[in-house]
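The following note sets out several points for a colleague who is examining this model. Please read them alongside the sequence and the coordinates.

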Amino acid sequence: MPKPKVEKAESEWRAQLSPQRYEVLREKGTERAFTGEFWDHHDAGTYLCAGCREPLFGSDAKFDSGCGWPSFTVPLEGKPGEAVAEHEDRSYGMRRVEVTCARCGGHLGHVFPDGPGPTGLRYCINSLSLEFEKGEKGAGGGSGGEQR
Ligand SMILES: [Zn+2]
């Protein structure tokens, strides 16, 4: 069953989020490469949306892409569109696919078709869009059922 969406006025987001997080999540900003909290972070656990705390990515889907942002091969629930939503983004004269949190619409980053198998995808995500919750495993294997 789909979870209820989180919808807030921009003024509420502004009050809730730090200015840095607000700029990325609500204004589609991008943190500078190699400056974020998680690009070189290797603990086991779950990455949550910094806007609404929806679990988005598991640490077992994280890989070292060398691009300076946390990179994942697949969203947590294994099916694009459940944890994250994807939209075509033609800004800056490029054609990219923007990734947002499916629940609150916060901007996360972009997905590129140059990742490792089996998905061949690289979800390139801003650390500022994420929070980390330590856990035994990333729960990204698709078996599910342990979250509640
Ligand atoms: Zn969210």
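1. Pairing of two strands. Valine 97 stands opposite valine 111, the latter in strand 7. Strand 6 (residues 96–101) and strand 7 (residues 107–112) run antiparallel and are joined by four bridges.

2. Confidence. The model is predicted, and the protein chain has an average pLDDT of 90, with 89% of the residues scoring at least 70. Helix 2 (residues 19–25) has the highest confidence, at 98, whereas strand 5 (residues 84–89) has the lowest, at a mean of 94.

3. A segment to treat separately. Over residues 138–148 the pLDDT stays under 50. For this segment the model has 19 contacts beyond four places in sequence.

4. The nonpolar core. The largest nonpolar core comprises 29 residues. Leu56, Val84, Cys101, Tyr123 and Ile125 are the residues with the most contacts inside it. At least two residues of this core come from each of helix 2, strand 1 (45–49), strand 2 (55–58), strand 6, strand 7 and strand 8 (122–125).

5. Surroundings of cysteine 101. Which residues does cysteine 101 touch, leaving aside those up to four places away in sequence? They are Cys49, Gly51, Cys52, Glu54, Leu56, Val84, Gly106 and Leu108. Leu56 and Val84 are, like Cys101, among the residues with the most contacts inside the largest core.

Definitions and conventions
Residues are numbered from 1 along each chain as its sequence is written. This is a predicted model: local features need pLDDT of at least 70, side-chain atom pairs count only at pLDDT 80 or more; totals for chains, interfaces and linings use all residues. pLDDT is the predictor's confidence in each residue, from 0 to 100. Two residues are in contact if their C-beta atoms, placed from the backbone, lie within 7 Å. Two strands pair if DSSP finds at least two bridges between them. A nonpolar core is a set of buried Ala, Val, Leu, Ile, Met, Phe, Trp, Tyr and Cys residues joined through C-beta atoms within 7 Å. A residue is buried if 20 or more other C-beta atoms lie within 10 Å of its own, exposed if 12 or fewer, and partly exposed in between; C-beta atoms are placed from the backbone.
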